[in-house]
Amino acid sequence: MTATTSIPRRMAYLGAFSALLLVLAGCTASTTAEPSATPTETATAEAEVETAAELGNTTGDCEATAASFREVTSANPDLADPTLSATCVDDSIVVTSNSIPDYVYIATTPGSPNVIEQTYTLPATPTPAEDPSPDDVPRLGPIGVAVNGLPLYGPTEGTGGDVLSLQGALSECGSHASQLAFHMHIFGSAEGVDCLYSAEEVASGDPVLVGWAADGYPIMSGLVCADGDCAEMTQLTSSWQLTDESLFATDTWAAHSYVEGSGDLDECNGRVDADGQYRYYTTTTFPYFVGCFAGEVSDDALPSLGGGGPGA
């Protein structure tokens, strides 16, 4: 894979973070001298800042979120050039893409990726949902958008069964073409294969932003550092369990049950990290991206193409 995390996004994030530290420093100043922090306290604070910075993208900064989307270029001379734009409009990030991959297309199903313009309207600052439900996740169609503009789909195929019940339907990148838009069901990578990220990038220990869910929360790679030095990597696990294997190929949502505490993540396939930020993480088992929306989803968040609204 040749794609890399964009330098502008990293610079925007680090710049915003540095500005925040300066503001906080200014807010704590007063006419009464405060005791200086001890070396131990300073080292602890620096460690906490470094840890927060290593966790990946946060929400609440529209410009930084918009900058996290790539400048896409063609990787397939036989296909139309990919297009992608992300702009801030009021308190939303409006993302428009023509659904053409910027990595090498691997045919696994009949047909080729078609040019299909799709628009996503994501909140810059997510609003936590009062009662998140798996029923709110579209059974077909997008549940979010990747950093290269590709639609992110849930675990369901047109059969109603799990996408992994159709052997060979997905490339190593976790994507395939369909009668609708080219899309990703799973975050995949492999040595020597051009995907959203290279296998080396995924295993580098740096935070890997896959995309953004419809509610505005980031979707990160679930392959994360297992220790502070990142000497080893570990794959975060879903807390959804296959409880009725007979339904796997016909109704994957009924085939699985959420078992609290059985994995690393919550029912929505995310968690609140050490910096207080909620993030979804990709998993190698159901639901792969999201099991429910942790935040509120507006009516215009997702393009209607491909099966439409919640519970479809």
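Two strands pair if DSSP finds at least two bridges between them. The model shown in these views is predicted.

View 1. Val 89 has Ser 92 of S2 as its bridge partner. Two residues lie between the strands of this hairpin. Asp 90 takes a positive phi there, near 55°.

**View 2. Cys 62 and Cys 88 form a disulfide.** The sulfur atoms of Cys 62 and Cys 88 are 2.2 Å apart. The torsion about this S-S bond is about -125°, so the disulfide is left-handed. The pair links distant parts of the chain: Cys 62 sits in helix H3 (residues 62-67) and Cys 88 in strand S1 (residues 84-89), 26 residues apart. Which of the two is buried, and which is partly exposed? Cys 62 has a relative accessibility of 13% and counts as buried, because buried means under 20%. Cys 88 is partly exposed, at 27%.

**View 3. Cys 173 and Cys 195 form a disulfide between two loops.** The sulfur atoms of Cys 173 and Cys 195 lie 2.0 Å apart. The link is left-handed, with -80° about the S-S bond. Cys 173 is in the loop between strand S5 (151-153) and strand S6 (175-176), and Cys 195 is in the loop between strand S7 (183-184) and helix H4 (199-202), so the bond ties together parts that are 22 residues apart in sequence. Both Cys 173 and Cys 195 are buried.

**View 4. Cys 225 and Cys 230 form a disulfide.** The sulfur atoms of Cys 225 and Cys 230 are 2.0 Å apart. A torsion of about -75° about the S-S bond makes this disulfide left-handed. Cys 225 is partly exposed, with a relative accessible area of 29%. Cys 230 is partly exposed too, at 23%. A search of the whole structure finds four disulfides. With the bonded cysteines numbered in sequence order, the pairing runs 1-2, 3-4, 5-6, 7-8.

**View 5. The largest pocket holds about 470 Å³ of space.** Its lining has 18 residues. Closest to the centre of the pocket are Glu 54, Leu 55, Gly 205, Val 224 and Cys 225. Helix H2 (39-54) and strand S10 (223-225) are the elements that give two or more residues to this lining. Which element gives the most to the lining of the largest pocket? S10 does, with three residues. By type, the lining residues divide into ten nonpolar, four polar and four charged.

**View 6. Tyr 105 and Phe 182 form an edge-to-face pair.** The ring centres of Tyr 105 and Phe 182 are 5.7 Å apart and the planes stand at 80°, so the pair is edge-to-face. Tyr 105 lies in the loop between S2 and strand S3 (118-123), and Phe 182 in the loop between S6 and S7, 77 residues apart. Tyr 105 is buried, with a relative accessible area of 15%. Phe 182 is buried as well, at 2%.

**View 7. Phe 187 and Tyr 197 form an edge-to-face pair.** Their rings are 6.2 Å apart centre to centre, with 80° between the planes. Phe 187 and Tyr 197 each lie in the loop between S7 and H4, ten residues apart. Phe 187 counts as buried at 13% relative accessibility. Tyr 197 is buried, at 2%.

**View 8. Trp 240, Trp 253, Tyr 258 and Phe 286 form one aromatic cluster.** Across the whole structure, the search finds ten aromatic pairs.

Technical notes. Residues are numbered from 1 along each chain as its sequence is written. This is a predicted model: local features need pLDDT of at least 70, side-chain atom pairs count only at pLDDT 80 or more; totals for chains, interfaces and linings use all residues. Side-chain values use heavy atoms; hydrogens and water are left out. A disulfide is a pair of cysteine sulfur atoms within 2.5 Å. Helices (H or I, at least four residues) and strands (E, at least two) are DSSP runs, numbered from the N terminus. Buried means under 20% relative accessible area, exposed over 50%, partly exposed in between (1.4 Å probe, protein chains only). On a 1 Å grid over the protein atoms alone, a cavity is a set of points where a 1.4 Å probe fits but cannot get out, and a pocket is an open set with protein on both sides within 12 Å along at least five of seven lines; lining residues have an atom within 4 Å of a point. Grid points are joined across faces, edges and corners, and a volume is the space filled by probe spheres set on the points. Ala, Val, Leu, Ile, Met, Phe, Trp, Tyr, Cys and Pro count as nonpolar, Asp, Glu, Lys and Arg as charged, and the others, Gly among them, as polar. Rings of Phe, Tyr and Trp (its six-membered ring) pair if their centres lie within 6.5 Å; planes under 30 degrees apart count as stacked, over 60 as edge-to-face and the rest as tilted.
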